[in-house]
Amino acid sequence: MPTERDLRGRRALRLASGVALCLAVSFGLALPIPFLSPIFVVLLLATSNRALPLKAAPALALVVMLTTGIGLLMIPLLRHAPASGVLLVGLCLFLCFRYGLSGGNPLVAQFLVVGLTMISAAGTFDFGLAVMVIEALAKGIVLAVVVALACHGLFPEPAGAREVPRRPAPDATETAWIALRAALVVLPAFLLALIDPSSYMPLIMKAVSLGQQVCGASARTAGRDLLGSTLLGGLLALLFWSALSLFPHLWMFFLWMLLFGLLLARRLYALAVTRQTPGFWVNSLVTLIILLGQSVQDSEAGQDVHTAFAVRMGLFIAVTLYACAAVYLIDRRRFLRQRRHVP
């Protein structure tokens, strides 16, 4: 029977190989927004040790339809009544995060947040861009599910292995406060994307990742976890790009991603013991994927990769600092409110 360390090693191999394979296939097939499917693979493999059953495919299709429908319905409102549209998007973000915190499926909540922000922002700027985002979401989710199933076949989970323990759901009042601060973290990136979604699409994905991370962060640890994981992801992206530039090839892209994925997955599954939380390592991996994927697209478009990377990293740091401030201010407001009601 495999030991606990063997199980963690198998899970680390599954996550790293899934991300590397999905990244290589996405860029090899030239999918629209190719860094989406590797992020979806991270969500599928890091949040659950069980393979997604085939009966879940209709549920994912329903999520895609709901995401698409909600995003498209927001477009006329954002164009003709932008203030009301932004408030309604903020309310929907709050409801999505509250659903995930109240015991709902976190994957469904994450997909709804991504689709709601990306599709509505893209459609407000250009309806053709919204159609491209819908295509990217649909293809990305399908590819992520297929790759996750393949990785579970290569590195299967033993029958008696324990599932990832779910975080206990907070009470209704605390859930509302946490969902509020998560929605406020995502909203500024959405407002920037309304100006130029093609440039700020990676920022939306980063903000969604931060919004998910602040659901488990406190004011005391927010600065270390949020900012530290962002800076680490940026440093790893620089090292990855430098290594890839020595021999730029799709196979090397896959192998380097496998190596960097293993380095982070070992710490995520406590094979290398650290003081950081699992959310820290997941956010570092997501940041690495976003920055790296966008740098590859900048290179293909003939843009200055280093200048674009510096600008994008500056935006990521600014959004992360805003997220830290939002966590601190909202937690302080909640503390003062609770103290006033204590006899």
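Reply: A patch here is made of residues with over 30% relative accessible area and no salt bridge, and nonpolar side chains are joined into one patch within 5 Å. The model is predicted. In it, Leu62, Met65, Leu66 and Ile70 form such a nonpolar patch on the surface. Together the four have about 370 Å² of accessible area.

Leu62 lies in helix 3, which covers residues 56–80. An α-helix has 3.6 residues a turn, so residues three or four places apart point the same way. The relative accessibility of Leu62 is 45%. Buried means under 20% and exposed means over 50%, so Leu62 counts as partly exposed.

Among the buried residues are Leu36, Ile39, Phe40, Val41 and Val42.

The whole chain gives the setting for both helices. The protein chain has 12 helices and 0 strands. Of its 343 residues, 51% are buried. The chain exposes about 15,700 Å², and carbon and sulfur atoms supply 68% of that area. As for contacts between residues at least 6 apart in sequence, 80% join residues at least 24 apart.

Technical notes: Residues numbered from 1 in each chain as written. Predicted model: local features only at pLDDT ≥ 70, side-chain atom pairs only at ≥ 80, totals over all residues. Heavy atoms only, no water. Helix = DSSP H or I, 4+ residues; strand = E, 2+ residues; numbered from the N terminus. Buried < 20%, exposed > 50% of the residue type's maximum accessible area, 1.4 Å probe, protein only. Contact = heavy atoms within 4.5 Å. Areas by Shrake-Rupley, 256 points an atom, 1.4 Å probe, with all protein chains shown as cover. Patch = residues over 30% accessible without salt bridge, like charges linked within 9 Å, V, L, I, M, F, W, Y side chains within 5 Å. Salt bridge = Lys/Arg side-chain N within 4 Å of Asp/Glu carboxyl O.
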